[in-house]
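Dear colleague,

Please find below the structure that I am handing over to you, together with its sequence. My notes on what was found follow directly after it.

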Amino acid sequence: SGFMRKSDPFAVVTVRGDNENNSPVVVGQTDVVFNNLNPSWSRVIFLEGYKFGVPLYFEIGVFDFDASQTGKSEGELSRMDVLSQSVITSNAASRELMRDGKFPHKVMGTALFEVGQLLGTRGNVGSKSLQTGGAVLVHIERCNTE
């Protein structure tokens, strides 16, 4: 987003496995919500590999989408569906840039969660504040253990 404009946020979900310091693996993302400082996403993302008693860390990163990095106008991008947007915002090249700390979209904040801790809360819900303001709320709908 440009000067004096609202953000164009989207969230990327990564799994870090049984150690919060493991390299992140992208498992899903939301759509981009253009010109919005208070986005609300309702997106189901499946996390594989949870075993009772073994930590499973996942992280939600919220980014401000930079349309200038895509070669498309914000209007064109806003008319795309989630799958088409995700090809642009989270393709293999973008995932590599994210791992190297060179992702072209501005980081608005990240929040690290652990599945077992969330399963121990009322309603399987958790929230964490983002570094630049705002918060992320997550809900575990269902858990199949291995």
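Strand 1 (residues 9–17) is largely enclosed by the rest of the structure, because nine of its nine residues are buried. This is a predicted model, and every value below was computed from it. On one side of strand 1 point P9, A11, V13, V15 and G17, while F10, V12, T14 and R16 point the other way, and all of them are buried.

Which strands are joined to strand 1? Strand 3 is joined to strand 1 by eight bridges, and the two run antiparallel. P9, for instance, has D64 as its bridge partner in strand 3. Strand 2 (residues 25–29) also runs antiparallel to strand 1, with four bridges between them. Here T14 stands opposite V26 of strand 2.

The protein chain has four helices and six strands. Read from the N terminus, the order is β-β-β-α-α-α-β-α-β-β. The chain has 146 residues, of which 34% count as buried. Its accessible surface is about 9000 Å², and carbon and sulfur atoms contribute 49% of that. Among the contacts with a separation of 6 or more, 61% are between residues 24 or more positions apart.

The largest nonpolar core has 17 residues, and the ones that touch the most other members are F58, I60, V62, F113, V136 and V138. Strand 1, strand 3, strand 4, helix 4 (115–119) and strand 6 each give two or more residues to this core. A second, separate core has six residues, including F10, V32, F34 and F65.

Leaving out residues up to four places away in sequence, F58 touches V13, T14, V15, R16, L47, A111, L112, F113, V115, L118 and V138. With a relative accessible area of 6%, F58 is buried, because buried means under 20%. F113 is buried too, with a relative accessible area of 4%.

There are four aromatic pairs in the structure. One of them is formed by F58 and F113, whose rings are stacked, with 5.5 Å from centre to centre and 20° between the planes. F58 belongs to strand 3 (residues 57–64) and F113 to strand 4 (residues 106–114), so this pair ties together parts that are 55 residues apart in sequence. F10, F34, F63 and F65 form one aromatic cluster.

What lies over the face of F113? The residue is K128, at 5.2 Å from the ring centre.

Strand 5 (residues 125–129) and strand 6 are antiparallel and are joined by five bridges. Together they form a hairpin with five residues between them, and G133 in the turn has a positive phi of about 110°. Which face of strand 6 (residues 135–139) is covered, and which is uncovered? V136 and V138 make up the covered face, whereas A135, L137 and H139 make up the uncovered one. V136 and V138 are also among the residues that touch the most other members of the largest nonpolar core.

With kind regards

How values were computed:
Residues are numbered from 1 along each chain as its sequence is written. This is a predicted model: local features need pLDDT of at least 70, side-chain atom pairs count only at pLDDT 80 or more; totals for chains, interfaces and linings use all residues. Side-chain values use heavy atoms; hydrogens and water are left out. Rings of Phe, Tyr and Trp (its six-membered ring) pair if their centres lie within 6.5 Å; planes under 30 degrees apart count as stacked, over 60 as edge-to-face and the rest as tilted. Buried means under 20% relative accessible area, exposed over 50%, partly exposed in between (1.4 Å probe, protein chains only). A charge sits over a ring if NZ of Lys or CZ of Arg is within 6 Å of the ring centre and within 35 degrees of the ring normal. Two strands pair if DSSP finds at least two bridges between them. Contact means heavy atoms within 4.5 Å. Accessible areas come from the Shrake-Rupley method with a 1.4 Å probe; for residues, only the protein chains shown count as cover. A nonpolar core is a set of buried Ala, Val, Leu, Ile, Met, Phe, Trp, Tyr and Cys residues joined through side-chain atoms within 4.5 Å.
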